[in-house]
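Good morning, and thank you for making time for this item. Please bring up the sequence and the structure, and I shall go through them with you.

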Amino acid sequence: PPGGSAAPLRPPPASATVDIDTERYGDKEMKVSAINRTKANLRNLFATRPSLLASAVLIGLHDALTYDKETGTGGLNGSLRLELGRPQNAPVVDGAKAIGRLAAAGKDGVSVADFYAFAGAVAVEVTAGPRIVIQLGREDAKAPDPEAASAKWTDGGSAADLVAAMASASIGGAKEVVLWHGAVGVLGDIGASREEANAAMAGDAEEDEIDAVTYGDSAADSDVGAIGVKKRKGAVLVNSNVSTLTLGGKVKFGNEYLKALLAADKAGKKGDLSVRDREVLADPACRAMVEKYAGNNKAFANDFANAFERMSLVGSRYESVKLGG
């Protein structure tokens, strides 16, 4: 306007960067083959390096936490492989590199982003956890994503920061912080119990090739991980013949870590707890979720499966969905 300065122009929101091509892996037969080899390769990685089980469910989360709902950028698009120097990603560096090598060596062209998404789902499945729906066809980002609120997701971060990071990325809040905390904790315990008995899950990839199960077809088989999610073309359940780890003792995926956390707190053993353990217990909203899930293993497993799926889809857009197909 005359005599005044023009208002600064704000750049338009960028497009979502999790591009999903549902035809990326070809026809059904080719897709089934790619899925099964991906699952088998991840299963065998966890068999030889069970210490990576915990980081497997964090890798997708760390990638997705860059999602910014204001700009529509970020999400689980494989950009994590270009962001491993960021301090908040230190806990997943080894796992992300190992999974990146699997992707690079694969013959099916499965993207690093899809490997990241499958890694957490397979880690849960092989430890006797719930089936998780995974959408296939992610295209890998070619540059790092802006950090957005992901920098708040640190080992020493306050509960408020953890919840804020989840909320900013449209992944959740206190509930999801506790779900991931419990999942990472129990998978860490399982991995430790497996370090000296890691040959029990050997197997050939070809022996495990099975038909892919599209979401919805097997929902009647179990209500775990199959609640309130719209059926999508190309989505599959990580399930069926994925071999299960022979676990040390009776530990398997579930709410055991959260139960132990409450027990230690009530016994006055806070000195045995990590910084994040103490933060989660000290925050009223998070503690309420810890108490809820420590008392209900089925709810914990079911809600984690659904939360993981939702996390894997933030910021997604589809390139070649064929309606009516």
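How many helices and strands are there in the protein chain? There are 10 helices and 4 strands. Please bear in mind throughout that this is a predicted model. Read from the N terminus, the elements run β-α-α-α-α-β-α-α-β-α-α-α-α-β.

Let me give the overall figures. The protein chain has 325 residues, and buried residues make up 53% of them. If we take contacts between residues at least 6 apart in sequence, 80% of them join residues at least 24 apart.

I turn now to helix H5, residues 159-168. Which of its residues are buried? They are Ala159, Leu162, Ala165 and Met166. Viewed down the axis of H5, these buried residues fall within an arc of 130°, so they line one face of the helix. As a reminder, an α-helix has 3.6 residues a turn, so residues three or four places apart point the same way. The cover over the buried residues of H5 includes helix H2 (53-64), helix H6 (174-194), H8 and helix H9 (284-294).

Helix H8 spans residues 275-282 and contains arginine 276. Is arginine 276 buried or exposed? Arginine 276 counts as buried because its relative accessibility is 13%, and the cut-off for that class is under 20%. Its side chain reaches the backbone oxygen of threonine 154 at 2.7 Å. Beyond its neighbours within four places in sequence, arginine 276 is in contact with Trp153, Thr154, Asp155, Leu162 and His181. Leu162, one of these partners, is also one of the buried residues of H5.

Which helix gives the largest share of the lining? That share, 5 residues, comes from H6. H2, H6 and H8 each supply at least two residues of the lining.

Arginine 86 lies in the loop between H2 and helix H3 (93-105). Arginine 86 counts as buried because its relative accessibility is 16%. Apart from neighbours within four places in sequence, its contacts are Thr66, Pro144, Asp145, Pro146 and Glu147. Arginine 86 and serine 150 are 64 residues apart in sequence, yet their C-alpha atoms are 9.8 Å apart in space.

Finally, the backbone. Most residues other than glycine have a negative phi. Which way does phi point, positive or negative, at alanine 128? Alanine 128 has a positive phi of about 65°, although it is not a glycine. Alanine 128 sits in the loop between helix H4 (112-126) and strand E2 (132-135), and is partly exposed, with a relative accessible area of 36%. Alanine 148 likewise has a positive phi, near 50°. Alanine 148 is found in the loop between E2 and H5 and is partly exposed, at 40% relative accessible area. Just after H5, serine 170 takes a positive phi of about 60°.

That concludes my remarks, and I welcome discussion.

Conventions:
Residues numbered from 1 in each chain as written. Predicted model: local features only at pLDDT ≥ 70, side-chain atom pairs only at ≥ 80, totals over all residues. Heavy atoms only, no water. Buried < 20%, exposed > 50% of the residue type's maximum accessible area, 1.4 Å probe, protein only. Polar contact = N/O pair within 3.5 Å; in protein donor to acceptor, adjacent residues only side chain to side chain. Contact = heavy atoms within 4.5 Å. Arc of directions from axis to C-beta.
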